[in-house]
Amino acid sequence: MAFSTSLKASALASIAAMGAFALATGSPALADHHGKKAEMSQANIVETAMGTGMHGTLVAAVKAAGLVDTLAAPGPYTVFAPTDDAFAALPAGTVDTMLQPENKGQLTSILTYHAVAGRVPASALAQAITDAGGTYEFQTLAGNTLSASFDGQTIVVTDEAGRTTNVVKADVNASNGVIHVTDGVFLPG
């Protein structure tokens with residue numbers, strides 16, 4: 001009897017160990033699959049901007065310029081996204097003029113002046129500023145240059161005309177890049 005009980009105990013221990021091994025080796029695969037599903041369901045840059053509640057003007061401009069498909073593509077992109085208040089601070093009539101169909105080319109230039117190829121989180125931008133000795137210059141999708149520096153702890157971006165804007169919220173992640181919310185609009189020289 002003792003042998004039989006010992007055999008049963010040993011068999012149950014083996015089964016339990018195999019089950020624990022199966023669970024232990026299966027869990028990372030399930031977790032990885034879950035992570036990919038979550039990543040795939042994350043909103044792209046346009047969808048993310050639509051959902052912020054403070055980028056209605058930017059989204060309208062992206063649509064008017066025909067850039068929705070571009071900014072929804074895999075990228076990755078980094079977008080410095082002006083808030084509705086930033087657009088409202090432009091001289092009266094500027095936004096209405098930009099949104100006119102005959103100004104689509106100019107609007108496209110303005111919007112691509114706010115975008116950079118690649119995913120550039122705030123930590124990488126901050127490091128680039130530090131490595132460059134305080135001011136880091138980079139090229140936008142429009143082919144223009146922006147420069148980034150610090151004002152205290154705030155990243156400040158300056159356009160070619162010398163206008164500055166603050167990054168008021170960094171690292172809004174999207175499936176195809178990252179958005180840095182700004183309190184100003186960059187305008188080409």
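Visitor: Which residue is the bridge partner of Tyr-77 in strand 2?

Guide: Let's start with the general idea: strands of a sheet pair through backbone hydrogen bonds, either parallel or antiparallel. In this predicted model, Tyr-77 has Ala-117 of strand 2 as its bridge partner. The two strands involved, strand 1 and strand 2, pair in the antiparallel sense over 3 bridges.

Visitor: In what order do the 7 strands form the sheet?

Guide: Read across the open sheet and you get 2-1-7-6-5-4-3, with mixed pairing. At the edges sit strand 2 (115–117) and strand 3 (135–139), each pairing on one side only. From one strand to the next, the twist averages 30 degrees.

Visitor: Okay, hairpins next. How many residues lie between strand 3 and strand 4 in their hairpin?

Guide: There are 5 residues between those strands, and Gly-143 in that hairpin takes a positive phi near 90 degrees. Strand 3 and strand 4 pair in the antiparallel sense over 5 bridges. To find a facing pair, look for Gln-139, which stands opposite Thr-145 in strand 4.

Visitor: And how many residues are between strand 4 and strand 5?

Guide: That hairpin has 2 residues between its strands, and Gly-152 in the turn shows a positive phi of about 70 degrees. Here too you'll find antiparallel pairing over 5 bridges. Asp-151 stands opposite Thr-154 in strand 5.

Visitor: You mentioned peptide bonds. What is the form of the bond from Gly-75 to Pro-76, cis or trans?

Guide: That bond is cis, and its omega is near 10 degrees. You can find Pro-76 in the loop between helix 4 and strand 1.

Visitor: What about pockets? Which residues lie nearest the centre of the largest pocket?

Guide: To read a pocket, ask what lines it and how much space it holds. Leu-58, Val-62, Leu-71, Val-79 and Leu-111 lie nearest the centre, out of 17 lining residues. Two or more lining residues come from each of helix 2 (45–51), helix 3 (56–65), helix 4 (68–72), strand 1 (77–82) and helix 7 (104–112). The largest pocket holds about 190 Å³ of space. By class, its lining has 14 nonpolar residues, 3 polar ones and no charged ones.

Visitor: Last one: what pLDDT does the protein chain average?

Guide: Think of pLDDT as the predictor's confidence in each residue. The chain averages 81, and 78% of the residues score at least 70. Take care with residues 1–39, though: there the pLDDT is below 50, and beyond near neighbours in sequence this stretch has 1 contact in the model.

Key:
Residues are numbered from 1 along each chain as its sequence is written. This is a predicted model: local features need pLDDT of at least 70, side-chain atom pairs count only at pLDDT 80 or more; totals for chains, interfaces and linings use all residues. Side-chain values use heavy atoms; hydrogens and water are left out. On a 1 Å grid over the protein atoms alone, a cavity is a set of points where a 1.4 Å probe fits but cannot get out, and a pocket is an open set with protein on both sides within 12 Å along at least five of seven lines; lining residues have an atom within 4 Å of a point. Grid points are joined across faces, edges and corners, and a volume is the space filled by probe spheres set on the points. Helices (H or I, at least four residues) and strands (E, at least two) are DSSP runs, numbered from the N terminus. Ala, Val, Leu, Ile, Met, Phe, Trp, Tyr, Cys and Pro count as nonpolar, Asp, Glu, Lys and Arg as charged, and the others, Gly among them, as polar. pLDDT is the predictor's confidence in each residue, from 0 to 100. Contact means heavy atoms within 4.5 Å. Two strands pair if DSSP finds at least two bridges between them. Axes are lines fitted to C-alpha atoms, for helices over the stretch in contact, and angles run from 0 to 180 degrees between N-to-C directions.
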